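Let's take a walk through this one, chain by chain and contact by contact. Have the viewer open and follow along.

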Amino acid sequence: MNYLSAFLVGGAICAAGQILLSKTDLTPARILVIFVTAGVALTALGLYEPIVKFGGAGAKVPLTGFGYALAKGAYKAVDESGLLGALSGGVTATAAGISAAVLFGYIVAVIFTPKTRK
Amino acid sequence: MDIKKSVDDTNYLQYVKNAAPKSPLLKECVMAFIAGGLICVLGEALDDLGKCILGFGEEGADSFRTTVLIFLGAIFTGFGVYDLLGRVAGAGSIVPITGFANSVVAPALEFKWEGYVLGVGAKLFTIAGPVLVYGISSSVIAGVIYYIIKVL
Amino acid sequence: MGSQIGKRTIKFKNPPNITAAYSVAGRKEKEGPFGQSFDLTFDDEHWGEKTYEQAERKIYLKAVESVIERANLKPDDISFLFGGDLLNQIIASGFAAREVGIPFFGLYGACSTMAESAILGSMAVDGGFARYVVCATSSHFATAERQFRNPLELGTPKTPSAQNTVSASGAVLLTSDRGRYPAATHATAGRVIDLGATDVNNMGAAMAPAAVETIICHLEDTGRGDNYYDVILTGDLGTFGTSLFHKLADDSQHDFSAVHQDCGSLIYGGDEKMNCGGSGCGCGASMLCGHFYKELVQERIKRLLFVATGALHSPTSALQGESIPCIAHAISIEMGYGG
């Protein structure tokens with residue numbers, strides 16, 4: 001059941017991204033920015049948590065889920081440390097993801113070479 | 001011959017918009033749905049692996065899943081197959097966190113010949129940078145608003 | 001020395017002869033329907049060099065050196081090299097010019113550079129300022145993509161109206177020497193035309209108006225009809241750009257459907273994976289200096305109007321939301337005028 005709901009929720013979020021990609025002239029970078037900010041906003045408004053409860057990874061894996069993790073982390077840190085938590089919480093919660101992106105990104109870029117037209 | 005005169009009447013740009021070859025939206029959305037959905041299913045499996053077999057808590061499992069997916073996105077980009085997925089799946093390859101990894105590795109790979117500091121190092125964030133800027137900034141703002149509401 | 005006729009067309013007094021032409025192309029171009037017509041092809045996009053930029057430099061250099069050899073000349077015999085490419089600061093042609101040592105006029109006309117360089121080269125020859133001149137351009141898929149668009153491995157599909165930059169080059173040798181060769185008889189310089197197109201993934205739409213404008217001006221200046229030429233050859237309008245070209249021509253009461261061909265649409269033979277076809281300086285250059293030059297020499301085509309179109313935007317202007325100004329230069333190449 002978890003897998004089905006993950007599939008449905010994740011697929012729906014990606015399909016929404018596809019509509020943006022095809023129907024507007026938004027570049028992928030701009031779409032990613034929209035999705036991560038939307039994730040933060042929806043979490044702040046309390047609207048994303050139910051989607052996470054239902055979809056599990058289907059809500060957490062898309063970039064909206066990254067925004068969700070950022071917002072939740074900020075809230076948790078504010079609960080624990082007050083105002084300064086707003087600054088530290090988001091990055092702390094997503095630290096593993098950011099570090100992984102930096103490290104694996106660098107290593108892969110060093111080892112491999114880009115392939116041109118196939 | 002003044003092309004603007006003969007073309008203004010026919011509203012060239014509007015004509016171009018209507019006549020431009022379009023990609024089949026429904027097919028693309030379906031492909032994005034399936035590809036994105038499957039990546040999320042993989043994420044769900046990693047969650048289960050993290051919680052049930054490796055004994056992580058909620059947060060640990062989140063970090064584990066994110067790390068593994070980023071690794072996979074990076075390595076598939078390195079092997080030159082992630083863009084093949086993108087050709088088929090469109091947003092289904094861009095929106096999941098694997099797409100974030102792809103957007104980190106792809107420009108870094110490209111600019112290797114410009115050196116490891118200003119080439120690879122700097123270019124890691126040409127596309128992913130804005131994501132971090134807007135994501136982190138909005139989470140800070142959300143945190144501040146949350147604090148203000150709590151205090152009031 | 002020649003003269004100006006009409007609004008902005010040059011009529012050469014002693015049409016410079018194109019005594020030699022040489023084309024170099026890559027794997028994808030070799031796999032296309034005109035693969036056999038290129039003089040030299042390479043398989044690997046690096047062509048043994050460390051970077052793609054160095055590979056493009058090699059492509060450019062090979063075309064220049066080989067066309068001089070074909071004409072039984074040496075680089076020292078050549079008065080001027082006119083040329084350019086798509087890269088910032090035209091480093092492919094500039095660095096290649098360093099190797100070959102010919103006095104170099106670097107040009108940037110984007111994809112119109114082949115025609116632009118041929119026109120300026122012809123003016124130098126017909127003006128009595130040079131006996132031998134070489135005109136060459138190049139483009140490379142990887143170098144163009146990383147400068148203008150997305151990193152190669154990024155998982156973003158190309159839009160249907162997009163085109164693919166061709167990895168190729170072309171060079172011609174122009175001379176005042178007389179003989180039966182394809183000769184440059186007239187040239188019409190392009191004006192920068194901008195109808196407000198902003199989509200960098202739809203170059204055909206941006207460039208078609210410039211092509212129509214220059215061609216019609218050329219025909220009016222020379223008094224020639226729509227079907228005077230055996231072929232009106234555009235550089236890289238692509239399949240969608242071609243349909244817009246015909247529509248705009250029709251709006252202006254002209255009909256080029258019987259004679260028009262487009263290098264961008266031809267080079268990949270309509271392969272769907274290549275979207276709307278090929279683009280880049282090297283597209284028109286390699287097709288002109290390969291297939292079409294051979295057709296002219298063998299007199300299967302006697303009158304060719306080569307119209308290369310270029311988009312004069314940059315990644316910066318595109319990010320700033322500016323539209324795409326375009327230009328089209330035309331040069332007529334005919335048999336039987338070489339004296």
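## Where the chains meet

Start where 8 residues of chain C are in contact with 6 residues of chain A, two residues being in contact if their C-beta atoms, placed from the backbone, lie within 7 Å. On the chain C side of that contact there are 3 nonpolar, 1 polar and 4 charged residues. For these classes, Ala, Val, Leu, Ile, Met, Phe, Trp, Tyr, Cys and Pro count as nonpolar, Asp, Glu, Lys and Arg as charged, and the others, Gly among them, as polar.

A quick word on bookkeeping: this is a predicted model, in which local features need pLDDT of at least 70 and side-chain atom pairs count only at pLDDT 80 or more, while totals for chains, interfaces and linings use all residues. Residues are numbered from 1 along each chain as its sequence is written, and chains are lettered from A and ligands numbered from 1 in the order in which they are written.

Now turn to chains A and B, whose contact takes 67 residues from chain A and 63 residues from chain B. On the chain A side, the elements giving two or more residues are α1 (2–23), α2 (28–44), α4 (57–60), α5 (63–81), α6 (85–93) and α7 (95–111). The biggest giver there is α1(A), with 16 residues. By class, the side of chain A that touches chain B has 48 nonpolar, 17 polar and 2 charged residues.

Chain A itself has 7 helices and 0 strands; helices (H or I, at least four residues) and strands (E, at least two) are DSSP runs, numbered from the N terminus. Along the sequence the pattern reads α-α-α-α-α-α-α. The C-alpha atoms of chain A fill a box of roughly 55 × 35 × 35 Å along the principal axes. Of the 118 residues of chain A, 55% count as buried. Here a residue is buried if 20 or more other C-beta atoms lie within 10 Å of its own, exposed if 12 or fewer, and partly exposed in between, with C-beta atoms placed from the backbone. Among chain A contacts between residues at least 6 apart in sequence, 58% join residues at least 24 apart.

Move over to chain B and look at two of its helices. The axes of α3 (residues 25–53) and α4 (residues 58–78) of chain B come within 9 Å and cross at roughly 130°. Axes are lines fitted to C-alpha atoms, for helices over the stretch in contact, and angles run from 0 to 180 degrees between N-to-C directions. How do we label that pair? α3(B) and α4(B) are oblique to each other, since angles under 35 degrees count as roughly parallel, over 145 as roughly antiparallel, 65 to 115 as roughly perpendicular and the rest as oblique.

As for who touches whom, Gly43(B), Leu46(B), Asp47(B), Gly50(B) and Lys51(B) in α3(B) meet Gly60(B), Ala61(B), Phe64(B), Arg65(B), Val68(B) and Leu69(B) in α4(B). The residues of this contact divide into 5 nonpolar, 3 polar and 3 charged.

Zoom in on Phe64(B), which lies in helix α4 of chain B. With 18 other C-beta atoms within 10 Å, Phe64(B) is partly exposed. Setting aside neighbours within four places in sequence, Phe64(B) is in contact with Leu46(B), Gly50(B), Leu54(B) and Phe56(B).

Last stop, chain C, and its strand β9 (residues 168–175). Is this strand enclosed or open? 8 of the 8 residues of β9(C) are buried, so the strand is largely enclosed by the rest of the structure. Ala168(C), Gly170(C), Val172(C) and Leu174(C) point one way, Ser169(C), Ala171(C), Leu173(C) and Thr175(C) the other way, and all are buried. Strand β3 (residues 17–25) of chain C runs antiparallel to β9(C), joined by 8 bridges, and two strands pair if DSSP finds at least two bridges between them. In that pairing, Ile18(C) has Leu174(C) as its bridge partner. Strand β7 (residues 132–139) of chain C also pairs with β9(C) in the antiparallel sense, over 8 bridges, and there Ala136(C) is partnered by Ala171(C).

Two loop residues in chain C deserve a look at their backbone. Ile90(C) has a positive phi of about 40° although it is not a glycine, and sits in the loop between β5 (80–84) and α3 (91–100) of chain C. Ile90(C) counts as buried, with 22 C-beta neighbours inside 10 Å. Asn275(C), also not a glycine, has a positive phi near 50°. Look for Asn275(C) in the loop between α8 (263–267) and β13 (278–279) of chain C. Asn275(C) counts as buried, with 22 C-beta neighbours inside 10 Å.
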